Amino acid sequence: MQVLFAGMELSVCLLAHLLPCLHPPFLDREAFKAAHLWFPWLMCCVPLTADPSPAVHQCFLDQSPPLSTMEMEQEKVSMSKELSADSASSCCSTCRGDEDWGLSHPIRGRAKSRSLSASPALASTKEFRRTRSLHGPCPVTTFGPKACVLQNPQTIMHIQDPASQRLTWNKSPKSVLVIKKIRDASLLQPFKELCVYLMEENNMIVYVEKKVLEDPAIVNYDDISNQIDFIICLGGDGTLLYASSLFQGSVPPVMAFHLGSLGFLTPFNFENFQSQVAQVIQGNAAVVLRSRLKVRVVKELRGKTAVPNGVSENGVLAADLDTEVGKQVMQYQVLNEVVIDRGPSSYLSNVDVYLDGHLITTVQGDGVIVSTPTGSTAYAAAAGASMIHPNVPAIMITPICPHSLSFRPIVVPAGVELKIMLSPEARNTAWVSFDGRKRQEIRHGDSISITTSCYPLPSICVRDPVSDWFESLAQCLHWNVRKKQAHFPEEEEEAEEVQACTPASALGVAEP
């Protein structure tokens, strides 16, 4: 059965690879919809905008020029070897190894897909061929052991309609992690009230941070999602950012109460928390998937062994560390932004920015911000960037005080891979921080790779993703607040109308 499936997949993928080379009338959308009924995995390989299955992994072919007959034969042979060597499991190139699944055990009900654009470019092909999808990776829509996004069968877009994103539970939630803002004594009473309500009224297991650290079963934050059904944050935006940093993989749903300073990302008020928490436990809530950035920092080991910078304040390893030959590799999941700046130096920062392996610009200024749509209303907004709704799949590149009058912030597709390094001409080092944490120095030879993560943060909404976002813009940032222009009084309007209708001769003015 596996061999038969592999052969069918090879035939369909080769067919999909040839479609962009044919005459445009062949690319009939209704024909593809009909074909999708017989070959459900066909839509995984063809770059269409009308995909009836929102859960299909977004792997697309590159739009490269047609291959010659010899090149197609070589690619066909290479794909046959690849399928025969790895017919039992496949890994989507967009996720870069974040998700592996087998044919006999599909993970989260996804259709198996393979993109020909993931194959290395042939040596005889001199043209540049894109090896990554320009679209972001399809986010994992299961959060923790019991929560997932309720799929809408009417959705025909790759990006699900924000109004239709609803939280649902596979099983009733039994455990919750409560995180409160530190060094704030005023939150102790609300914290106690919430914990008592969860334990006594809902018979739930409540985890707090000290218990999480002392429990040997869940001391590793990478495995905490197997123990926590959902998270409740008491504080401000910084508390939500901290909760995101605890989970380097799948994040349970997060319910954030506004008990901090700004509260752009915390839509719930604590006054009526009982009814709001009850609705979430029942699964009656909207959810917005806030995309995160997967950041990989590669440093050269100089002299003595470098001290791991992926350790958070509470002493728990917050990033995957892997030491290569002469390299130190750290990986982070970032919700807001990655900031590269000049640090304490008085010189301009001078860093090169690569997109999918190609140098696109050199930043000369105070630094550069690489942010998610969620982070577009944070540091990036202060630096002059546009504000983007969290449902838009994108990555923002915003310079900080560039020494150029033409360097404007830009938005790039979510699926690209950015790489930032010190320029050879740089006079000083640079510094990098991730959501304002884990600040560290970047020297010559070090690199920072950034792309969209497969693991978004599911943030529970009060109403829906669109209404909550505009409410935060109005209440927290006072977006477009201005005294309204007064209208003309009715008498002046009537006088103007009469004057407009009166002949010029009646007003004593000579007609032309």
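This short talk walks through one predicted protein model, from the whole chain down to a few side-chain pairs.

Before I start, a word on conventions: residues are numbered from 1 along each chain as its sequence is written, and side-chain values use heavy atoms, with hydrogens and water left out. Since the model is predicted, local features need a pLDDT of at least 70 and side-chain atom pairs count only at pLDDT 80 or more, while totals for chains, interfaces and linings use all residues.

Let me begin with the chain as a whole. It holds ten helices and 23 strands, where helices (H or I, at least four residues) and strands (E, at least two) are DSSP runs numbered from the N terminus. Of its 512 residues, 47% count as buried, buried meaning under 20% relative accessible area, exposed over 50%, and partly exposed in between, with a 1.4 Å probe and protein chains only. If we take contact to mean heavy atoms within 4.5 Å, then among contacts with a separation of 6 or more, 70% are between residues 24 or more positions apart.

Now to one residue, Asp 352, which sits in strand E15, residues 349–355. Which side chain of opposite charge is nearest to Asp 352? That is Lys 419, at 11 Å, and Asp 352, although buried, has no salt bridge; here Lys and Arg count as positive and Asp and Glu as negative, with His and the chain ends not counted, and a salt bridge is a side-chain nitrogen of Lys or Arg within 4 Å of a carboxyl oxygen of Asp or Glu. What Asp 352 does have is a side-chain polar contact with Thr 362 at 2.8 Å and another with Ser 423 at 2.6 Å. A polar contact is a pair of N or O atoms within 3.5 Å, where, within protein, one must be able to donate a hydrogen and the other to accept it, and residues adjacent in sequence count only if both atoms are side-chain atoms.

Turning to the salt bridges, the count under that rule is six. One of them joins Lys 146 and Asp 229, at 3.5 Å from N to O; Lys 146 is in the loop between strands E3 and E4, Asp 229 in the loop between helix H5 and strand E8, and the two are 83 residues apart. Lys 146 counts as buried at 17% relative accessibility, and Asp 229 likewise at 2%. Another joins Asp 366 and Arg 342, whose closest N and O atoms are 2.8 Å apart. Because Asp 366 lies in strand E16 and Arg 342 in the loop between E14 and E15, this pair ties together parts 24 residues apart in sequence. Asp 366 is partly exposed at 24%, and Arg 342 is partly exposed at 25%.

Finally, the aromatic rings. Rings of Phe, Tyr and Trp (its six-membered ring) pair if their centres lie within 6.5 Å, planes under 30 degrees apart counting as stacked, over 60 as edge-to-face and the rest as tilted; the count comes to eight pairs. Tyr 332 and Phe 434 have ring centres 4.4 Å apart and planes at 25°, so they are stacked. Since Tyr 332 lies in strand E13 and Phe 434 in strand E20, they tie together parts 102 residues apart in sequence, and both residues are buried. Phe 470 and Trp 479, by comparison, form a tilted pair, at 6.0 Å centre to centre and 50° between the planes.
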